[in-house]
Amino acid sequence: MADIRLVGLGKEFDAGGVVAVRDLTLTFREGSTTCLLGPSGCGKTTLMRMIAGLEVPTTGKIFFGDEDVTRLETSKRNLGMVFQYPVVYRGATVREDIGLPLRVEKLPAAHKAARVDEVIALLGLEEYANHPVDKLNSATRQKVAVARAVARQAPIILFDEPITNVDPDFKLQLKRTLRELFSRLNQTIIYVTHDQTEAMTLADDIALMRDGSIEQMAPPRDLYGRPESVFAGWFLGNPGMNFVPVESQPAVAAAVLGGAVPDGVTAVGFRPEDVLISSGGPQRGAVEATLGHVSLATGGQHLARLLHADLVVKAKLPWDSPVATTRGSQVWWSVPLEKVRAFDRHERAVNLVSAEQ
Ligand code: ADP
Ligand code: MG
């Protein structure tokens, strides 16, 4: 087993015209599952390909444990890999396909067969063991690709958007299988996705990537609850955080912060589900607003838009909320202070406690 350490890792394409990955220094913990999450084009695949040895870094180093693998070729890195489009060997059965990478290993045949059976069971592929892979549905085919990567018993497994091209009907099923699998495996897993729900479900840690850099790396709950930047607050959540700019909305920002706005704070942020709404008349610390469009959100909640001059605040209300959901009605909203994040002009989070001192 091994952790994966990146030191000042960077990758430029087109003679520096495109910087795909910028000066990354971070560690993927041994035995953990890290989801590399970020919008399309932010450099996820390029980073994975460098870790896999399929792309040569422009700067920096990659270590597996203590070993510098920066210049090591892919076949010597001892990795399992699963990509967006599974590689399918025509005509091979599931059992043969999974056993392929084991052919080069010096193991007794019975040993290899036992290992193949083990991963077939691990991924619930028993009923397909003797079926040709190219006749399977997209999710099952991808499970075979996963099984093939797992059968090698490599200490590191890399996944690049393995669910993205699976038929929508089978996505959930494959996601469940992967979650089960990751909780059982001891390997160091890096899993690339642009889908936040996938990352929230599968990750021990999420490394949120933006424009070639890691914006924040944290367990899903911390990343969601305590985003360190405006981007993290905005990218996670459906919809993302609300932001109140201090410059144009000083009174609202002060109300949300429960007093004066500390120096250096340029925006306050809070999640739609943390907004409390009342229709019972003016209340201390609450902001008056007009109820705008109300729609049905996931989980049977209402997603309401609260209008206050130019400001639109998104709020999630329980389906049985006593607040009238009539457009145009007058409401008062507030947010518990512990749910509020403050940001500076660099769009980085400010610690409110120390900002007040
Ligand atoms: P992601 O996987 O997050 O969508 P990529 O790593 O594929 O992002 O791409 C990051 C950036 O690098 C993009 O701007 C992309 O166009 C560019 N890029 C990726 N591969 C190459 C390449 N082989 N040549 C030139 N530019 C590339
Ligand atoms: Mg990609």
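Predicted model: local features only at pLDDT ≥ 70, side-chain atom pairs only at ≥ 80, totals over all residues.
Rings of Phe, Tyr and Trp (its six-membered ring) count as a pair if their centres lie within 6.5 Å; planes under 30 degrees apart are called stacked, those over 60 edge-to-face and the rest tilted. Residues are numbered from 1 along each chain as its sequence is written, chains are lettered from A and ligands numbered from 1 in the order in which they are written, and side-chain values use heavy atoms, with hydrogens and water left out.

Let us stay with the rings. The count comes to eight aromatic pairs. In one of them, the centres of the Phe182 and Tyr191 rings are 5.9 Å apart and the planes stand at 75 degrees, so this pair is edge-to-face. Both Phe182 and Tyr191 are buried, where buried means under 20% relative accessible area, exposed means over 50% and partly exposed lies in between (1.4 Å probe, protein chains only). Phe231 and Phe235 make a stacked pair, with 5.6 Å from centre to centre and 25 degrees between the planes. These two sit four residues apart in helix 8 (residues 230-235), which separates them by about one helical turn. Phe231 and Phe235 are buried as well.

Some rings also have a charge over them (NZ of Lys or CZ of Arg within 6 Å of the ring centre and within 35 degrees of the ring normal). The charged end of Arg5 is placed over the ring of Phe63, 4.5 Å from its centre. Arg271 lies over the face of Tyr224, 3.8 Å from the ring centre.

Now step back to the whole chain. It has 10 helices and 19 strands; helices (H or I, at least four residues) and strands (E, at least two) are DSSP runs, numbered from the N terminus. The C-alpha trace spans about 80 × 45 × 35 Å along its principal axes. Of the 357 residues, 48% count as buried.

Next comes ligand 1. The residues around it (those with a heavy atom within 4 Å) include Phe13, Asp14, Pro39, Gly43, Lys44, Thr45 and Thr46. Strand 2 (18-28) and helix 1 (44-52) each supply at least two residues of this shell, and helix 1 gives the most, with three. A polar contact is a pair of N or O atoms within 3.5 Å; within protein, one must be able to donate a hydrogen and the other to accept it, and residues adjacent in sequence count only if both atoms are side-chain atoms. A backbone N or O atom of Gly43 is 3.1 Å from an oxygen atom of ligand 1. In the side chains, an N or O atom of Lys44 lies 2.9 Å from a ligand 1 oxygen, and one of Thr45 lies 2.8 Å from a ligand 1 oxygen.

Seven of its nine residues are buried, among them Lys44, Thr46 and Leu47. Just after this helix, Gly53 takes a positive phi of about 85 degrees.

Finally, visit Asp66, in the loop between strand 4 (59-64) and strand 5 (67-68). Asp66 counts as exposed because its relative accessibility is 78%. Asp66 and Ile4 are 62 residues apart in sequence, with 9.2 Å between their C-alpha atoms.
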